[in-house]
Amino acid sequence: MIPTPDPVRIPAAFADATPAEWSDWRWQQRHRLRTGADLAKVLRLTPDERDACERVPFALAVTPYYASLMDPDDPSCPIRRQAVPTTAELVVRPEEREDPLAEESHMPAPGLTHRYPDRALLYASHNCPVYCRHCNRKRKVGDPTSAPHPRELDAALAYLAAHREVRDVLVSGGDPLSLSDERLESLLAALRAIPHLEILRLATRNPVTLPQRVTPELVAMLRRYHPLYVNTHFNHPKECTAEAALALERLADAGCVLGNQTVLLAGVNDDPEVIKRLNLWLLKHRCRPYYLFQADLAEGIAHFRTPVDAGLRIIEGLRGHTSGLAVPHYVVDLPGGGGKVSLGPDYLVGRDGKTLTFRNYAGERFDYEEG
Ligand SMILES: *Cc1c(COP(=O)(O)O)cnc(C)c1O
Ligand code: SF4
């Protein structure tokens, strides 16, 4: 029996669903909106959105739950912008790349990117409950033919077993929670059988787009594979629902260490107040804001990309003004595989010999004598 979060809001457009169905991730998965016609049943689509649903090649899927968070009348709704295609996705700028982080060329085994000295990224599934319009792995996410073959996973596991310098594996995708509990468990068990892997991380957007997936059965399984870090991807306070809170609570109660990776998106969350509200909600649910990502140079997402100043303003609006726990690292993942670099506002405003002058969050100045 899957307990239903309280209260269950079933929007009018899905009035046929019983509360038990609505709270069942399999029902949500089976009833995903996959076409413009599906979306038109729950939203008043603009002509541009309607046209984009026909023409944009990147996969379209929205869970009824995530659709229920959308404003049916407002195309600028932050949830809608993340999940409903627009024709802006058809515009590819010269600086944009199919594989902006050169993940495919840093693959010692298919489905494994090993870029940093002591950690590696494993692609466990190429499916997601909702396809984010800003996805930087559009090249393969949502394409069933690109899913890793079990034999390929074996090659990745053999690589990890042979490389003792790897002590941290990020299980990503797509979304690893798109695998069945059984398949995910067999992968985690195979990773845990490699003694030098100290920590495992799961990267999943299910708490945001399909929180019903985080069942008591799933977390009972996950807790056998600690230390397990779970990084999720909340972008906006509208995603902060009772269902999402329950998913985080179950993961945290099962001993997972929760982190959040937000992608900075123009017109969605490029506002210090929005990120502050989001991050304070996450902290209340034991999920620590980890990264704020500058949008990558993936093809067809120029309309989401902000100036770097927008990210710096957000960090500036958090640091000192609220709990340090709510301040993520603002990072740019460098095009071509340079890796992540972090940026922050400059608080060092002057230097005279060993006397450094800083400004604080309130704009006051202070001198510090360095050693
Ligand atoms: C982001 C990333 C990691 C993990 O980086 P952390 O900074 O340790 O979170 C590992 N491998 C690849 C290829 C990545 O892009
Ligand atoms: S959940 Fe992650 S991998 Fe899946 S579509 Fe969204 S950004 Fe891409």
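Modeller: Happy to! The largest pocket holds about 980 Å³ of space. It is lined by 41 residues, and those closest to its centre are Asn136, Arg137, Ser172, Gln261 and Phe293. Before going further, two notes on reading this: the model is predicted, so local features need pLDDT of at least 70 and side-chain atom pairs count only at pLDDT 80 or more, while totals for chains, interfaces and linings use all residues. Residues are numbered from 1 along each chain as its sequence is written, chains are lettered from A and ligands numbered from 1 in the order in which they are written, and side-chain values use heavy atoms, with hydrogens and water left out.

On a 1 Å grid over the protein atoms alone, a cavity is a set of points where a 1.4 Å probe fits but cannot get out, a pocket is an open set with protein on both sides within 12 Å along at least five of seven lines, and lining residues have an atom within 4 Å of a point. Grid points are joined across faces, edges and corners, and a volume is the space filled by probe spheres set on the points.

Seven strands each give at least two residues to the lining of the largest pocket: β1 (112–116), β2 (119–125), β3 (168–173), β4 (199–203), β5 (228–232), β6 (257–263) and β7 (287–293). These labels follow DSSP runs, numbered from the N terminus, with helices (H or I) of at least four residues and strands (E) of at least two. Sorted by class, the lining has 19 nonpolar, 12 polar and 10 charged residues. Here Ala, Val, Leu, Ile, Met, Phe, Trp, Tyr, Cys and Pro count as nonpolar, Asp, Glu, Lys and Arg as charged, and the others, Gly among them, as polar.

Around ligand 2 are Cys128, Val130, Tyr131, Cys132, Cys135, Val141, Gly174, Arg205 and His233, where a residue is near a molecule if one of its heavy atoms lies within 4 Å of it. That shell divides into six nonpolar, two polar and one charged residue. Gly174 has a further feature: its peptide bond from Gly173 is cis, with omega near 20 degrees. Gly174 belongs to the loop between β3 and α8 (181–192). Another cis peptide bond joins His226 and Pro227, with omega about -5 degrees, and Pro227 is in the loop between α10 (216–222) and β5.

Ligand 1 has its own set of neighbours: Thr113, Tyr116, Arg119, Leu121, Leu170, Arg201, Tyr290, Tyr291 and Lys340. Three of these side chains make polar contacts (pairs of N or O atoms within 3.5 Å; within protein, one must be able to donate a hydrogen and the other to accept it, and residues adjacent in sequence count only if both atoms are side-chain atoms). An oxygen atom of ligand 1 is 2.6 Å from an N or O atom in the side chain of Arg119. For Arg201, a polar side-chain atom lies 2.8 Å from an oxygen atom of the ligand, and for Lys340 the distance is 2.9 Å.

Tyr290 and Tyr291 turn up again in the second largest cavity, which they line along with Asn260, Thr262, Ile275, Asn279, Pro289, Leu292 and Pro328. This cavity has a volume of about 30 Å³, and β7 gives the most to its lining, with four residues.

Lastly, the second largest pocket has a volume of about 270 Å³. Among its 16 lining residues, Pro57, Phe58, Lys138, Arg139 and Glu299 lie nearest its centre. Domain 1 (12–90) and domain 2 (104–344) both give residues to this lining, so the pocket lies between them; the domain bounds come from an automatic or database domain assignment.
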